[in-house]
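Subject: Structure handover

Hello,

Here is the structure I said I would pass on. My notes on it follow below the display.

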Amino acid sequence: MSNSKLGQLYKDLAPRKFGKLGKIWVGVLLAICVVGLAAYVKQLKQGLAVTAMRDYAIWGIYISNFVFFVAISLVGSLISAILKLSKARWSTPLTRIAEMIAVAAILFAGIIIIVDMGRPERFLNLIIHGRLQSPIVWDVLVISTYLVISILLLYMPIIPDAALLRDHGKNFPKWQQKMYRILSLGWTGLPEQVQLLQKSIFTLAILIIPVAFGIHTVTSWLFASTYRPGWDSTNFGPYFVAGAFMVGAAAVIAAMFLFRKFYRLEQYFTLKHFDYMGKLLVMLSLVYLYFNINEYFIPAYKMKGGESELLDSLLYGSYAPLFWSVQVFGMIVPVIVLLFKKGRRPLPLFIISTLVIIGAWFKRFLIVVPALAFPYIPMNRVPESWKHYFPTWEEWVITAGSLAGALLVISLFVRLFPIVPIVETLEEQEEEIEEAKKILMSQEMEIKS
Amino acid sequence: MKNTLIKTLKHHLFWSICLVFFASFSWNNVVGQNQAVKKKKARIQLEYFNVVGKRPYLNATVKTKVQRSYQTVEGVPIDFYLLDENGKTELGQRLTNEKGVAKIDLGKNFASLEDTIFSHRFVATIENNRKFKNKKRELEIRESVFKMTLEEHDSAKTVQVFFGAPDSTGQIIPIEGARVRPYVQRLFSLLPLGGDELETTDSEGYFRFEFPNDIPGNDKSELTIVTKLEEDDLHGKIMSVKTATWGVPVITNPASVKRELWSARMNAPIYLQVIVNSMLLGIWGTIIYIIMQLKKIKKNETEDRFGAKK
């Protein structure tokens with residue numbers, strides 16, 4: 001192992017203390033979380049009456065936020081598994097970012113679903129009295145499984161890095177050194193250890209793909225198995241999965257841009273990474289656009305009974321401005337801009353990715369809420385307020401708290417661990433050199449012969 | 001300079017688009033709120049409820065006209081008063097709930113009046129409301145006695161109700177012709193018993209009903225029997241509730257229920273149990289296997305390749 005290269009990598013990638021900006025960022029996130037927690041305490045005391053959810057709008061922004069978190073978490077399987085198994089070596093620096101996002105998102109997906117329950121202690125009832133026939137039970141099972149796999153997939157590639165930080169990080173505080181010692185599992189780089197680790201990561205990378213597809217498919221079934229206009233679709237599983245991959249890729253791009261800018265990682269997140277991720281985002285956006293056309297065009301062509309009121313409100317009615325903003329800025333504009341090479345440069349790509357993420361959040365709102373406002377059985381003799389849903393300030397604050405919480409988890413994680421896997425990057429650099437040498441030698445041999 | 005300008009423009013464009021998202025999101029709410037500027041007319045329906053053995057209460061239901069039909073309104077403050085010779089006594093203020101109902105229990109002050117005054121006038125008002133014009137509804141209620149007894153002789157079961165009211169001296173006088181109906185409490189509502197025509201009390205103020213023997217109860221044969229005074233504006237809505245072991249015991253054997261997707265948890269279809277459990281076993285088995293591998297990595301630190309401890 002080349003010491004100078006390792007030294008450079010260590011210098012560039014080892015975790016650093018927060019600067020002034022970092023401290024302000026963490027402070028702001030903490031403040032939002034505390035306010036969100038205070039609003040949640042109020043909700044616990046007064047019940048779900050503090051929300052705008054009523055008999056018809058039984059799901060509001062908590063659930064749309066939950067679907068958003070589940071969607072974004074799928075990026076872990078996209079980058080760490082699908083790209084890794086397809087030997088897309090360029091994606092190596094992105095794996096940790098993807099897994100960090102996946103773990104933080106799925107963690108807060110679980111938290112927000114408990115927030116939505118109103119009485120958190122009743123979650124136990126789901127385990128004690130849950131029916132295996134219920135998609136909600138399937139969702140709990142698959143989310144907890146995905147969380148465990150994602151944590152393992154985040155942790156296992158950290159082991160060699162933790163050993164490196166254990167051996168070289170003498171300037172870290174003692175608790176941090178102790179943490180690296182525990183997490184490194186006595187890693188010394190023995191061939192047996194390397195083999196065990198690689199085999200385990202490979203197995204996990206395969207295992208996470210069906211579970212990742214499962215998590216979002218089952219989440220889509222929560223809707224598809226409920227008899228409501230807009231949800232009564234056999235298309236929902238792939239529609240949700242496609243949307244999830246799209247927003248997940250956008251999240252990685254946004255994170256990659258910010259880490260590159262604030263941690264000065266231009267050497268690791270290169271223009272090539274942005275270009276490739278941009279292309280990937282175009283492809284995923286096109287797939288999602290295709291599903292959107294299927295999901296809205298054919299029902300709108302038929303305009304059958306119960307569906308027509310919902311579609312009217314989405315296409316021309318009160319939800320139309322939001323619906324078309326999401327479709328245009330969250331899907332069509334990204335496809336157009338990213339088709340051009342200039343559009344795949346870091347700043348434009350970051351802006352587009354941010355639009356995709358914002359669009360994706362509101363898209364989940366459009367999937368969850370309007371469908372509940374137009375049930376198949378007409379709403380008669382009910383208070384006017386039950387017919388509409390607009391979140392209360394408590395719902396906004398709690399939701400903002402959960403989003404800030406997920407960002408806080410990521411921020412604290414990069415404070416303690418390298419954003420880019422150090423040992424893996426070094427090994428790949430050396431492999432690339434070896435391969436280049438082999439190519440050169442074979443070319444020389446050809447010339448000689 | 002040019003680059004800075006382009007950057008600034010890009011940032012402005014980005015935030016403008018974000019603004020479009022949020023503005024369009026708020027649109028629906030803004031449209032809804034614009035409608036509630038003028039003061040509207042409201043209707044109040046005032047009702048007196050007396051469940052024997054419990055404190056009586058008043059319900060004021062508020063409705064307003066929305067697109068040709070009357071709909072209930074939530075969050076309207078209703079002031080309740082009791083009128084007497086000396087003027088009005090405030091009973092309290094309550095907000096209407098999601099069903100448009102403001103409920104007030106008639107508390108201790110009212111209970112002391114019950115023994116001396118046999119007729120009460122209640123008022124429910126909407127006063128100085130931001131959304132609704134002032135509105136007032138009065139209700140006069142006379143005290144009464146509504147007593148249910150359950151009698152059982154051999155296999156004959158009878159529900160008997162006595163209905164009477166105090167005269168000016170306080171002596172109870174039976175009321176003839178009052179309409180009474182018996183019910184049985186079921187899971188979601190009351191099941192009316194008897195024919196379509198309502199039975200009335202006789203000249204001695206009694207109503208008798210032969211209770212059927214074939215009504216399913218719980219596993220202990222228990223039934224909740226309810227009798228109600230019907231269509232009587234003078235005495236309010238009065239009901240009496242009692243429990244008796246008059247039902248046919250219903251004992252469900254969960255094992256006899258078919259295995260269906262809509263059955264209870266213990267009757268989940270076998271194929272579903274097999275699929276879900278084998279998937280869980282496969283995935284969690286692999287996870288546990290990987291955790292064991294992690295233990296092996298740790299073990300490799302302390303042993304050399306021949307298994308000897310370092």
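The contact between the two chains is made by 41 residues from chain A and 39 residues from chain B. On the side of chain B that touches chain A, three elements each supply at least two residues: α1 (2–33), β3 (69–72) and α3 (270–302). The largest share of that side comes from α3(B), with 16 residues. Sorted by class, the side of chain B that touches chain A holds 20 nonpolar, twelve polar and seven charged residues. Please keep in mind that this is a predicted model.

Next, the nonpolar cores. The largest nonpolar core has 150 residues. Which of its residues touch the most other members? They are A:V75, A:I101, A:A249, A:V252 and A:I253. Helix α11 of chain A, residues 236–262, gives the most to this core, namely 19 residues.

Leaving out residues up to four places away in sequence, A:V252 touches A:V75, A:I79, A:L94, A:I97, A:A98, A:I101 and A:M277. Two of these contacts, A:V75 and A:I101, are also on the list of residues that touch the most other members of the core.

Another core lies apart from the largest one. This other core has 19 residues, including B:F80, B:I126, B:F132 and B:I141.

Last, the domains of chain B. The domain assignment gives domain 1 as 42–142, domain 2 as 145–244 and domain 3 as 265–302. Between domain 2 of chain B and domain 3 of chain B, the C-alpha centres are 61 Å apart.

Regards

Key
Residues are numbered from 1 along each chain as its sequence is written. Chains are lettered from A and ligands numbered from 1 in the order in which they are written. This is a predicted model: local features need pLDDT of at least 70, side-chain atom pairs count only at pLDDT 80 or more; totals for chains, interfaces and linings use all residues. Two residues are in contact if their C-beta atoms, placed from the backbone, lie within 7 Å. Helices (H or I, at least four residues) and strands (E, at least two) are DSSP runs, numbered from the N terminus. Ala, Val, Leu, Ile, Met, Phe, Trp, Tyr, Cys and Pro count as nonpolar, Asp, Glu, Lys and Arg as charged, and the others, Gly among them, as polar. A nonpolar core is a set of buried Ala, Val, Leu, Ile, Met, Phe, Trp, Tyr and Cys residues joined through C-beta atoms within 7 Å. A residue is buried if 20 or more other C-beta atoms lie within 10 Å of its own, exposed if 12 or fewer, and partly exposed in between; C-beta atoms are placed from the backbone. Domain bounds come from an automatic or database domain assignment.
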